[in-house]
Amino acid sequence: MRIESAEVIVTSPGRNFVTLRITTSDGRSGLGDATLNGRELSVAAYLSEHVVPLLKGRDAARIEDTWQYLYRGAYWRRGPVTMAAIAAVDMALWDIKAKAAGMPLYQLLGGASRTGALAYGHASGRDVPELLDSIRAHIEEGYRAIRVQTGVPGLDSVYGVAASAAGGGERYDYEPARRTALPVEESWDTRAYLRHIPGVFEAVRAEFGPELPLLHDGHHRMTPIQAAKLGKALEPYDLFWLEDATPGEDQAALRLIRQHTTTPLAIGEVFNSAHDYTVLLRERLIDYVRSAVTHTGGVTAMKKLLDMAAHYGVKSGMHGPTDISPVGMAAALHLDLAIHNFGIQEYMRHSPRTLEVFRTSYTFEDGLLHPSDTPGLGVELDDEAAAAHPYEPAYLPVNRLTDGTVHDW
Ligand SMILES: [Mg+2]
């Protein structure tokens, strides 16, 4: 089973996706997700210029060897572009191997450890009444765990808060990257945010009671001492996790937060290697690993990372917004089902346009996701539908403090 060809498909059904399709000499094909939101073409070029020429003629069954060949062989290691490209090759080869075996991928990873993966949805509102309506709507859709984000008085637009559902078009939480020549600029005031958020959670608990798991994303915007203060203030509301409290590259920041609060901590969506977690795991500074299969070198690398986390009692909480393509989402779901230390899975439904291009088989029922028993990853790409949606430049927003200083978005 030799690799005969590999093609990079860039498509934009509502938002941009980069997909790798590998085809073997016996006519099988596999898909991998290489989408890096706002920097998509850099991964597409890395794949087509530097990786595809290396794949032709290789044994498609040798997944570990191919991973090491691409990782060690490049000499220049890690980084989001490299690791997304390697992830796409790795996912596609696992897809092919599982199809050849006639099994869903999770069977090759050890089989199911649970009946389904608990998913959390994204509720948001510009104010508290709108937020409470959004939480109710998510519960009606079947979600059993909810991420809570709200507008902050005095700030025009805030990360994670959906644009008006009545405003037409797709909601903000489908895609924060805007199709504009320059990134949209948002404004931010951490002190206003810190004053506002505890009251929001008080209102949510008063309305929905103590049982509903609630999550919150700080989106890397606080200093360590600000995050410690927020974690402490939120303790009465029993969060499932506080996510991305401080900038991701500063592992030591989590140490300070941990000294001050028992609110569980999650981080890692901007990480791309198990090496980003060594301090966090060894010192038990986090509770959940937020990496995406797509940005961390694929199924092979993610499985090793999660196994390492398991030895420290740390669970998975894989990244799953809509900038993870349905292919990357399916890869996450197979891991979610197979690993022992599963925590929760982020889940936003892809738009109907996206699902016309990517034909999925995974299911969401009673709050649980399941990758389905379709052999392989269980996702196929419709080339004709993909070609109808050519790439469109899009950028994630840039954030500024109210005095104009660039801040973490
Ligand atoms: Mg986050």
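Guide: A residue is called buried if 20 or more other C-beta atoms, placed from the backbone, lie within 10 Å of its own, exposed if 12 or fewer do, and partly exposed in between. Helices (H or I, at least four residues) and strands (E, at least two) are DSSP runs, numbered from the N terminus. By these terms strand S3 is mostly covered, with four of its five residues buried.

The model is predicted: local features need pLDDT of at least 70, side-chain atom pairs count only at pLDDT 80 or more, and totals for chains, interfaces and linings use all residues. Residue numbers start from 1 along each chain as its sequence is written.

S3 covers residues 29–33, and strand S2 covers 17–24. The two strands run antiparallel and are joined by five bridges; strands count as paired if DSSP finds at least two bridges between them. S2 and S3 make a hairpin with four residues between them. In that turn, glycine 27 has a positive phi of about 90°.

Now for the setting of this hairpin. The protein is divided into domain 1, residues 3–104, and domain 2, residues 108–375, with bounds that come from an automatic or database domain assignment. Their centres, taken over C-alpha atoms, are 26 Å apart. Between the domains, 32 residues of domain 1 are in contact with 33 residues of domain 2; contact requires C-beta atoms, placed from the backbone, within 7 Å.

Which elements each supply at least two residues of the side of domain 1 that touches domain 2? They are S2, S3, helix H2 (63–73) and helix H3 (80–101). H3 gives the largest share of that side, twelve residues. By class, the side has 16 nonpolar, nine polar and seven charged residues. Here Ala, Val, Leu, Ile, Met, Phe, Trp, Tyr, Cys and Pro count as nonpolar, Asp, Glu, Lys and Arg as charged, and the others, Gly among them, as polar.

H3 itself has 22 residues and reaches 31 Å from its first C-alpha to its last, close to the expected 32 Å. The expected span is 1.5 Å times one less than the number of residues. H3 is also mostly covered, with 18 of its 22 residues buried. Just after H3, glycine 102 takes a positive phi of about 70°.

Arginine 62 sits in the loop between helix H1 (40–55) and H2. It counts as partly exposed because 14 C-beta neighbours lie inside 10 Å. Arginine 62 and methionine 1 are 61 residues apart along the chain, yet 9.9 Å separates their C-alpha atoms.

Some places elsewhere in the chain can be set beside this part. Helix H11 (residues 326–338) has 13 residues and reaches 18 Å from its first C-alpha to its last, close to the 18 Å expected. With 13 of its 13 residues buried, H11 is largely enclosed by the rest of the structure.

Most residues other than glycine have a negative phi. Histidine 220, however, has a positive phi near 65°. Histidine 220 lies in the loop between strand S7 (214–217) and helix H7 (224–233), and is buried, with 23 other C-beta atoms within 10 Å. Aspartate 244 also has a positive phi, near 50°. Aspartate 244 belongs to the loop between strand S8 (241–243) and helix H8 (253–260), and is buried, with 24 other C-beta atoms within 10 Å.

Tyrosine 312 is in the loop between helix H10 (298–310) and strand S11 (315–318). It is partly exposed, with 16 other C-beta atoms within 10 Å. Leaving aside neighbours within four places in sequence, tyrosine 312 is in contact with Leu281 and Arg284.

Last, the whole protein. It has 13 helices and 18 strands. Its radius of gyration is 21 Å, close to the 22 Å that the globule rule gives for 409 residues, so it is as compact as a globular protein of that length. That radius is taken over C-alpha atoms, and the rule is 2.2 Å times the number of residues to the power 0.38. The C-alpha trace spans about 60 × 45 × 40 Å along its principal axes. Of the 409 residues, 48% count as buried. Among contacts between residues at least 6 apart in sequence, 73% join residues at least 24 apart.

Conventions
Contact = placed C-beta atoms within 7 Å.
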